[in-house]
Amino acid sequence: MHSHLLAGLDDGVQTLDEAVALVRQLSDAGYTKIVTTPHIISGLYHNHADTILPALDKLRARLEQEGIKVELEAAAEYMLDDYFEGLLADGEPLLKISNKYLLTEFSFVSMPFNYREIFFNLKMAGYEPILAHPERFRYLHDDFDVYRELHETGIHLQVNLLSLKGHYGRSIQKVATQLLEEKLVTFVGTDIHHQRHVDVLSSPRDAAVSALLAASGLKNHLL
Ligand SMILES: [Fe+2]
């Protein structure tokens, strides 16, 4: 869950051929189900069901043609910005994972000052919020209680497998590991945008990381 594999919709994969190539590698590596999640960010990527679902159909058709047997679903990764608050206030139907989860992210600069209110409104509207890659928000690294608070208030934290590989640097890897050790994490995701990410993910996984993932009570298998 969590990837950017629909061609041309965001800063992820740009062509259908590239998408097919990446999904083929994931399938060969043992992935059986992929939930892809284009960005929705104010002023940058104005995706919605009308852009995402036709792109999903296109990629599914190509995978079928090529005989690549992977279950492919799509939702979105919603930046919690003014545009998102507008969608929520207007009662717009949002794109869910497994018919209940909503994948959200904070800006890399700062978290929304009213994040508690946004998550509360989301829950009242019937969604179970997931916060993508909390370990990548460096402004939280010295404020671990925020992670604990999010977890305790029912916000599912989703760590990137790329973070555990050290792809974004040592401090992010360390925080990702600590989040797992404290059992604050519900899901792991790939957050694949391009070939380099697949290459990093395909490198052998540290035995200690595998053991940590196995002991973390992750719920990916329920999606
Ligand atoms: Fe993402």
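Is H2 buried or exposed? H2 counts as buried, because its relative accessibility is 0%. The model is predicted.

## The iron site

Four residues coordinate the iron ion: H2 and H4 through NE2, E77 through OE and D191 through OD.

What makes the arrangement around the iron ion irregular? The four donor atoms subtend angles of 80 to 167°. Four donors count as tetrahedral if all angles lie between 85 and 135 degrees. The arrangement is therefore irregular, with angles of 80 to 167°. For reference, the ideal angle for four tetrahedral donors is 109.5 degrees.

## Burial and backbone of the donors

H2 lies in the segment before helix 1. D191 is placed in the loop between strand 8 (185–189) and helix 8. D191 has a relative accessible area of 2%, so D191 is buried. H4 and E77 are buried too.

Most residues other than glycine have a negative phi. H2 has a positive phi, near 75°, and is not a glycine. D191 is not a glycine either, and its phi is positive at about 55°.

## Helix 1 against helix 8

How do the axes of helix 1 and helix 8 (residues 195–202) cross? They come within 10 Å and cross at roughly 5°. That angle makes helix 1 roughly parallel to helix 8.

Helix 1 contributes E18, L22 and Q25 to the contact. Helix 8 contributes Q195, V198 and D199. By class, the contact has two nonpolar, two polar and two charged residues.

## The loop residue K165

K165 is in the loop between helix 6 (161–164) and helix 7 (170–181). K165 is partly exposed, because its relative accessible area is 24%.

Which residues does K165 contact beyond its neighbours within four places in sequence? They are Q173, V200, L201, S203, P204 and R205. One of these, S203, is 38 residues from K165 in sequence. The C-alpha atoms of K165 and S203 are 8.8 Å apart in space.

## Two further loop positions

G43 belongs to the loop between strand 2 (39–40) and helix 2 (49–65). G43 counts as exposed, because its relative accessibility is 69%. G43 and Y83 are 40 residues apart along the chain. Their C-alpha atoms are separated by 8.7 Å.

N114 is found in the loop between strand 5 (101–105) and helix 4 (115–124). Its relative accessible area is 10%, so N114 is buried. N114 and P38 are 76 residues apart along the chain, and 24 Å separates their C-alpha atoms.

Conventions
Residues are numbered from 1 along each chain as its sequence is written. This is a predicted model: local features need pLDDT of at least 70, side-chain atom pairs count only at pLDDT 80 or more; totals for chains, interfaces and linings use all residues. Side-chain values use heavy atoms; hydrogens and water are left out. Donors are N, O and S atoms within 2.8 Å of the metal (3.2 Å for Na, K and Ca); water is not among the atoms, so sites may look incomplete. Four donors count as tetrahedral if all angles lie between 85 and 135 degrees; four count as square planar and six as octahedral if opposite donors are over 155 degrees apart and all others between 65 and 115; anything else is irregular. Buried means under 20% relative accessible area, exposed over 50%, partly exposed in between (1.4 Å probe, protein chains only). Axes are lines fitted to C-alpha atoms, for helices over the stretch in contact, and angles run from 0 to 180 degrees between N-to-C directions. Helices (H or I, at least four residues) and strands (E, at least two) are DSSP runs, numbered from the N terminus. Angles under 35 degrees count as roughly parallel, over 145 as roughly antiparallel, 65 to 115 as roughly perpendicular and the rest as oblique. Contact means heavy atoms within 4.5 Å. Ala, Val, Leu, Ile, Met, Phe, Trp, Tyr, Cys and Pro count as nonpolar, Asp, Glu, Lys and Arg as charged, and the others, Gly among them, as polar.
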